[in-house]
Each structure stands twice: as structure tokens, then as C-alpha cells.
Amino acid sequence: MTNYRVLPVILLTILATAGAATAQQRKAQSPNSVRLYVFDCGSLNIPDTSNYQLKKEELATTYMALPCYLVAHPKGTLIWDAGAVPDSSFKPGGGPATLRYASSLKPLTVQLAEIGYVPADITYLSFSHFHWDHVGNANVFAKATWLVRKLERDIMFSDPPSPRTEPASYSALKNSKTVIVTKDEHDVFGDGTVVITSTPGHSPDHQVLFLKLPKTGPILLSGDLYHYPEERTLNKVPTTEFNVAQTVASRAAVEAFLKKTGAQLWIQHDFTANARLKKAPAFYD
């Protein structure tokens, strides 16, 4: 005689087992061509825009986006910029986490897991620059190979530390496998599809990331070459740049590069433009 009271328990056990098996199968596979995932790592509520030589009425919004990026390539993976708020700041019950004037709604590692990646899957880690709102989850990827320029690494581990960063967010990188990038253009995977390019000025060794995607076409991720799109249209340079003359020269070089290649410029902090981008698990290829 069938015990119908036991059936729901058996069914739940089967479903749980199937769910676990499905989760195990979600591990990401190496793509056939380069693709770009965009993660929502929160936003910055800028209290004063005068440092950008912009009045609030000149801006569509004073907020800045905080995207993080995963580049998946047949030969490996690259995390480009890691947000402001460390995953360790999130409480177990959920809800937003904050650091300074940044806030984030979802941990980066959770977003990675949703597309089948764990930190151990990351081959390379690189930042546009060392400022606190780009290195928040650096320690998560300490087992990856860190691609960094000398002046950036030097200032990150200077004593006393720069007030423009959070050393606790990247302390584990001191012992990471590290490649000091010396060329103006560093071809990450050796095929011209993922290239880190020197653009000093905002910080001593600031850099941008060029991607050549098969369907989307060429894209340049700006780092903080520009923050607000209005900086570009109104030709404004922040007063807090490390070297204003270098920033002006780097911007001119990038604008010439964009004209030559037809690449899209994605201003990483552009709140409105970033909101329109498709976020992971969707991707650009």
C-alpha cells in the first residue's frame, strides 16, 4: 500500500538533488570568441561636482555608475575594475552595502556565480587605476595574475597610503602573482582583442581597456579618463587630476584612436549610459 504522506518528502528530495546537479552544471565554459559581461557594482552619490568644473545644472545627473567587467576569452578571463564596496561589507540578510559615498545592492561574487564563475576561474585582474571606487573587491581575486603598471603599484603600497584609495581592499595583492606592464599597449591574450592602453593623468599610471568584439565591434572602456559625459562635451578637466597636462594629452590620443578605429567609448561612470547597457547574465560578443 502506497504511503502518500511520504511522497511529498521523496519528491522534494528528488527536486533538491536535481537542483544541486543543475547548479554543478552551471560552471562556465570557455567561449569560442571574446565576450564582455557588465556587472552592476553600485553607484556613487557625488555630493559636490565643483571638482569636475561642472555645475549641477550642467549635468543630466550627479550620480556616477560603478560597473565591474568580466572579459571572457578562449584563452582565459580578465576582471577589469572591481567596484567600490567589498563583498565582505554585505550582511547575510541582504540589503545594500556602503563605503564612503558608494552603495551597492548585490555582491560581485554572487553576480559572477550566476554566470558560472568563481574567483578561482579568473586568469587576470587589472584596474584602470588605484582609486578606492575601482578596487573594492581586489582581494577576492588575489589568486589571479595582477596586471599593473609600476607607478600605480608603488602608490598603492606607499606609506602613508594615498587618501584616494582603501588599502584594506587590495592588501592581498601584495603577494599575488604580478606582471608589471611596461608597454603603452599590453595585449592581454596576444591576439589584439583585449588590449590595456596607457593613459596617464587622472592617476600616475592610469589606463583604459580596448576590446574588439566580433559582433558588437570595438569598444574602449574609459576608466576615469572621463567621469561625466559632460566633461567630454564641454571639454572640462577635473581639478583633482594627478597631472592635468597628461590628462589632456591622453584624452587627445584616445579621441584620435576612436576616430581611427570607429570604437565606441564607454564612459564607465556615465550613470545614464550604463543603465542602458545589458547586464550579466547577458553579454556583449
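The largest pocket in this predicted model has a volume of about 300 Å³. It is lined by 18 residues, and those closest to its centre are Tyr52, Tyr101, Trp132, Arg164 and Thr240. If you sort the whole lining by class, you get seven nonpolar, six polar and five charged residues.

Rolling a probe the size of a water molecule over the atoms shows where empty space is left. Here the count comes to two cavities of 30 Å³ or more.

Take the largest cavity, with its volume of about 60 Å³. Which elements give two or more residues to its lining? They are β7 (145–149) and α3 (150–156), and β7 gives the most, with four residues.

Which residues line the second largest cavity? Leu66 and Pro67 are there, as are Asp81, Ala82 and Gly83. Asp133 and His134 join them, and so do Gln268 and His269. This lining splits into three nonpolar, four polar and two charged residues.

Terms used:
Residues are numbered from 1 along each chain as its sequence is written. This is a predicted model: local features need pLDDT of at least 70, side-chain atom pairs count only at pLDDT 80 or more; totals for chains, interfaces and linings use all residues. Side-chain values use heavy atoms; hydrogens and water are left out. On a 1 Å grid over the protein atoms alone, a cavity is a set of points where a 1.4 Å probe fits but cannot get out, and a pocket is an open set with protein on both sides within 12 Å along at least five of seven lines; lining residues have an atom within 4 Å of a point. Grid points are joined across faces, edges and corners, and a volume is the space filled by probe spheres set on the points. Ala, Val, Leu, Ile, Met, Phe, Trp, Tyr, Cys and Pro count as nonpolar, Asp, Glu, Lys and Arg as charged, and the others, Gly among them, as polar.
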